[in-house]
Amino acid sequence: MYSLKSYSACLREATLQLPHFGGTSNRNRRNVRWCSPEAAIHQDFHLPMRNLEVKNRTLVEEIQSSRLMSAIKTPYLPDGRIDLEAYDALVHMQILGGADSVLVGGSTGEGQLISREDHIMLIGHTVKSFGGLTKVIGYTGSNSTSEAINATERGFAVGMLATLHINPFYCRTSMEGMVAHFEAVLPMGPTIIYNNPSRTGQDIPPAVVRTIAQNANMVGIKECVGNDRIKEYTDEGIVVWTGNDIECHDARWEFGAVGVASISCNLVPRLMWELMFEGKNPSLNSKLTPLFKWLLYEPNPIGVNTALAQLGVVKPVFRLPYLPLPRERRVEFVSIVKQLGRENFVGDRDVQVLEDDDFIVVPRY
């Protein structure tokens, strides 16, 4: 049985693991005479680039090489707590299937339904368990700039390589305010911007992206507006992942996207790997299209949650306001699995329809 670890405990662990710079012990430091750095005396003297800047630049380049980013689902126990055992198994399946990065606590991972303490715990847990096998990207965005700053500091403290940030939703702002919001978090480390107007109610226009793309910590953008927008960015050298599975094949091979931040990867990671790594494959893309459409009959993550439960990979537990897809859709999913081949999906149990009574809906957790 796994137990949830508090953020403070994760932060203490991360702090204890930080390297100690310099060879002077605390005892000897008391006998060292402090001298003002030259930069404080001579106005035109420039210190060399900080180690953190070098590290961030290297990480930016490493993350930009990601082709298949799995937007990982967060599974639950019957009482609504995070099911870390099922989560670990699912992440492991993604890695075996070829996902070269995982996005923790995004919209698919229900970051909006997870407490901030559990959210940071989950990022830290993923880093500790899988950080040596895949790149861990944490969603730490918020419509509150202050909350986004605090969450991002905590996410980097527990080891995430990059952060994903969405533009302020509900309390929408001006274009200048949007730029200021992103510029408040960009100095902390490698950052991917996430544009999904259907969720935020406001598009991040190209003018904003071009402005913040000048920042060295800007990794790229997860773009959901469409392939024409993606082409506009890639023509200018801006790194883009599509956030739409149904467009990912063409986005990757015809419009210049480096890859996809994928919902479907939770279910068929190996097939998504083939779609992103093995060259143009319109036949495979056509075979996957019914699954892509099925997953979005209702807003994400309702479809992927239902599907993983039917595959027996996670417990059939939903946190409100999400509810499982209706029975006729669940029957349809069984047919999709049979058409694509059960061996191409995660898990080793037979796919089931599941009845309404099989699902547990948790209103408070």
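1. Glu 110 sits in the loop that runs between β2 (101-104) and α5 (116-130), where helices (H or I, at least four residues) and strands (E, at least two) are DSSP runs numbered from the N terminus. Its phi is near 60 degrees, a positive value in a residue other than glycine. Glu 110 is buried, with a relative accessible area of 1%; buried means under 20% relative accessible area, exposed over 50%, and partly exposed in between, with a 1.4 Å probe and protein chains only.

2. The model is a predicted one, in which local features need pLDDT of at least 70 and side-chain atom pairs count only at pLDDT 80 or more, while totals for chains, interfaces and linings use all residues. Residues are numbered from 1 along each chain as its sequence is written, and side-chain values use heavy atoms, with hydrogens and water left out.

3. Tyr 170, in the loop between β4 (162-166) and α7 (175-185), is another residue other than glycine with a positive phi, here near 65 degrees. Tyr 170 is exposed, at a relative accessible area of 77%.

4. Two cis peptide bonds deserve a look. One runs from Asn 300 to Pro 301, with omega near 15 degrees, and Pro 301 belongs to the loop between α13 and α14. Another joins Leu 320 and Pro 321, with omega about 20 degrees, and Pro 321 belongs to the loop between β9 (317-319) and α15.

5. Helix α15 (residues 327-340) has 14 residues and should span 20 Å at 1.5 Å a residue, which agrees with the 20 Å between its end C-alpha atoms; the expected span is 1.5 Å times one less than the number of residues. Just after α15, Gly 341 takes a positive phi of about 100 degrees.

6. The buried residues of α15 are Arg 330, Phe 333, Val 334, Ile 336, Val 337 and Leu 340. They cover an arc of only 160 degrees around the axis, which puts them on the same side of α15, the arc being that of the directions from the helix axis to the C-beta atoms. These buried residues pack against α13 (282-295) and α14 (302-310), with contact meaning heavy atoms within 4.5 Å. On the other side of α15, Glu 328, Lys 338 and Gln 339 are exposed.

7. Val 331 also has its place in helix α15, and at 35% relative accessibility it counts as partly exposed. The C-alpha atoms of Val 331 and Val 353 are separated by 5.5 Å, although the two residues are 22 residues apart along the chain.
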